[in-house]
Amino acid sequence: MWLQQRLKGLPGLLSSSWARRLLLLLALLLVAYWYLGAVRARRGGGRGAEPRGAAALCLQAATGAWRAQVERGDALPLPEEAAGGGGPGPGLALAGNGFLLLDVAAGRLWVSAAGSGGGPALATEYPALVRLRALGGRGEARAALAALREGGVRRVRCVQTGPGAGAGDCVTVREEVVAHRSRPHLYLQRIRIANPTERVAAFEASAPASAPSLGGRFATSLEKVEERQFLLSSGRLLLAGSPKVVLMVVAAKKLVSRVQVAPKSHFDETVLSVVYTSEPIEVSRLEETFSKLRESAKKEMLEVMQMGVEDLFQEHQQTWSDLFISGIEMRKITDLHTPSSETVNMTLYYVLSSMPAPLLDPLISGEDREKMEASLNYADHCFSGHATMHAENLWPAKLTSVAQILQLSDLWKLTLQKRGCKGLVAAGVHGLMQGMVLSFGGLQFTENHLQFQADPDVLHNSYSLRGIHYNKDLINLAVLLDAEGKPFLHVSVKFQDKPVRLYACEAGCMNEPVELTSEARGHTFPVMVTQPITPLLYISTDLIHLQDLRHTLHLKAILAHEEHMAKQYPGLPFLFWFSVASLITLFHLFLFKLIYNEYCGPGAKPLFRSKNDLLTITTGNCP
């Protein structure tokens with residue numbers, strides 16, 4: 001009865017304007033709550049979700065040290081699929097040295113034909129890495145990381161072996177894969193298994209040479225040389241549209257097929273693999289070429305097996321770290337068209353992984369080495385043209401396949417060659433790193449100086465370019481923003497040899513050039529914009545050249561950056577604001593006329609009516 005009365009009164013309640021507004025507000029609040037809850041649920045199920053379960057807790061503890069490396073920009077986390085998680089999306093984790101390229105996620109090996117001078121563009125069917133399958137595992141969690149400054153891929157897998165919910169019931173498997181930077185034919189896979197549980201942990205290992213996918217294209221034999229055993233696999237690579245073939249020989253350390261780790265113990269193993277390829281040859285030369293490749297692979301395999309594994313890793317990491325003395329750091333990004341720090345670092349890592357290093361080749365002639373080093377120290381006329389910072393095809397936000405990376409590497413080489421950087425491209429990976437850094441900010445070497453010719457209209461982003469070779473010294477250049485958001489330039493020098501006098505001046509060089517020193521605080525320069533536009537900064541060893549430069553630029557005006565931007569974007573014209581104000585005024589006049597006609601015009605209704613109809617104000621009351 002009570003409910004029926006309330007329902008009968010509902011239409012009367014809804015006829016009230018305040019009730020309808022209240023109901024509309026409640027509906028909007030419900031929609032907003034539902035939307036925010038859905039977003040939170042999607043985020044909770046993604047990468048940022050808190051780990052659950054023993055394996056996930058173990059993984060969180062095992063990868064705790066990665067966070068500091070990522071924050072410093074020394075490493076980048078990879079998607080779960082790159083760790084072998086078998087997710088639906090593509091996962092890309094690469095380790096390469098210009099001759100070899102390892103797709104760690106897929107376990108595939110890409111190689112370069114001998115004497116080709118290009119990147120590792122030949123895909124092989126050789127399963128390059130050891131795969132460990134846990135026997136009796138209850139659950140797993142995985143993670144992967146690209147170590148940018150160490151040139152390798154790290155993977156961690158936590159396997160839950162017991163019924164407990166704690167991390168102590170998990171076995172941790174760590175892998176590190178590198179393609180040795182100074183030994184182009186060598187790659188290493190280090191495996192470490194930690195078993196803190198009370199049970200024996202067992203894994204089934206699929207060694208590369210024993211994998212069933214080798215089929216009939218590779219023949220494997222066990223070699224025994226000087227009391228050392230390793231597997232020797234020989235195969236051929238077919239070339240599309242050519243009757244010639246490329247032969248490949250791989251010498252790999254033999255690994256047991258089943259790994260058992262006792263309770264409270266560890267298992268450590270490093271699998272060494274040496275790869276040799278031939279140039280494209282006729283089928284009639286198979287036996288002769290195979291014989292030479294096998295001898296080369298055996299010789300180098302014996303050499304690296306006699307060395308300490310830690311020495312090989314340190315040798316590789318030091319070489320790769322020296323390469324990353326140069327680089328790019330994004331500090332503050334204020335638009336959507338500038339690549340992020342992760343995009344820049346990953347592009348550098350992928351492209352450099354696919355480039356050879358001729359300067360590290362011990363067989364290079366002294367004349368060629370001297371020529372490459374001279375080009376690296378002073379890349380005359382490189383980089384000409386506008387900066388590549390906003391070239392999205394050179395700094396792609398996402399790469400999902402090895403083929404895309406090889407295409408990107410070719411595009412970078414072509415771009416640098418066409419912009420006056422042929423000498424740097426010929427210097428291999430060291431030159432390409434230098435060219436990419438120069439191109440990012442629009443730096444160009446001329447006959448007498450290094451000039452920074454960035455577009456002054458895009459200096460609202462803050463970034464730094466480090467390790468720019470100037471003769472034998474290294475220059476760091478940064479575009480920074482002050483407290484008011486105004487850009488300025490910061491320059492510092494790191495002298496590698498005996499100190500050399502370096503001078504710098506801002507756009508126009510109207511002020512006396514400043515001598516650059518190795519002081520930690522560096523030197524700052526204001527951003528001045530000339531008319532017509534000229535470079536924002538000049539650096540040279542010749543003081544007189546910079547002093548004379550001001551007389552050869554023939555400028556109309558020199559403006560501060562904020563003055564230049566005010567002229568470039570002066571705002572909307574006066575006619576626009578006059579039109580807006582006129583429309584607003586006309587609208588209010590029209591609205592006033594409507595109200596006047598409604599209450600004070602002919603035939604208007606009364607303004608107020610009392611409950612007893614005693615008081616009525618008619619149109620006669622209006623003035």
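Helices (H or I, at least four residues) and strands (E, at least two) are DSSP runs, numbered from the N terminus.

This is a predicted model, in which local features need pLDDT of at least 70, side-chain atom pairs count only at pLDDT 80 or more, and totals for chains, interfaces and linings use all residues. Residues are numbered from 1 along each chain as its sequence is written, and side-chain values use heavy atoms, with hydrogens and water left out.

Figure 1. Of its 623 residues, 45% are buried. Here buried means under 20% relative accessible area, exposed over 50%, and partly exposed in between (1.4 Å probe, protein chains only). The chain exposes about 32900 Å², and carbon and sulfur atoms supply 56% of that area. Accessible areas come from the Shrake-Rupley method with a 1.4 Å probe; for residues, only the protein chains shown count as cover. Among contacts with a separation of 6 or more, 65% link residues 24 or more positions apart. Contact means heavy atoms within 4.5 Å.

**Figure 2. Five residues form a nonpolar surface patch of about 490 Å².** They are Phe-587, Phe-590, Leu-591, Leu-594 and Ile-595. Patches are made of residues with over 30% relative accessible area and no salt bridge: like charges are joined within 9 Å, nonpolar side chains (Val, Leu, Ile, Met, Phe, Trp, Tyr) within 5 Å. A salt bridge is a side-chain nitrogen of Lys or Arg within 4 Å of a carboxyl oxygen of Asp or Glu. Phe-590 sits in helix H15, residues 574-599. Phe-590 counts as exposed because its relative accessibility is 51%.

**Figure 3. Helix H8 packs on helix H10 at about 90°.** H8 spans residues 341-353, H10 spans residues 402-418, and their axes are 9 Å apart. H8 is therefore roughly perpendicular to H10. Axes are lines fitted to C-alpha atoms, for helices over the stretch in contact, and angles run from 0 to 180 degrees between N-to-C directions. Angles under 35 degrees count as roughly parallel, over 145 as roughly antiparallel, 65 to 115 as roughly perpendicular and the rest as oblique. From H8, Thr-347, Tyr-350 and Val-351 meet Ile-405, Leu-408, Ser-409 and Trp-412 of H10.

**Figure 4. Leu-302 lies in helix H6, residues 286-306.** Leu-302 counts as buried, because its relative accessibility is 12%. Leaving out residues up to four places away in sequence, Leu-302 touches Val-225, Arg-228 and Phe-230. Leu-302 and Val-225 are 77 residues apart in sequence, yet 8.0 Å apart in space, C-alpha to C-alpha.

Figure 5. H4 covers residues 54-62, and its buried residues are Ala-54, Ala-55, Ala-56, Cys-58, Leu-59 and Ala-62.

**Figure 6. The loop between H9 and H10 holds His-381 and Phe-383.** Most residues other than glycine have a negative phi, and most peptide bonds are trans. His-381 has a positive phi, near 70°. His-381 counts as partly exposed because its relative accessibility is 47%. The peptide bond from Cys-382 to Phe-383 is cis, with omega near 15°.

**Figure 7. Two strand-to-strand loops hold Cys-509 and Pro-532.** Cys-509 lies between strand S23 (502-506) and strand S24 (514-516). Its phi is positive, about 55°, although Cys-509 is not a glycine. Cys-509 is buried, with a relative accessible area of 0%. Pro-532 lies between strand S26 (528-531) and strand S27 (537-540). A cis peptide bond joins Gln-531 to Pro-532, with omega about 0°.
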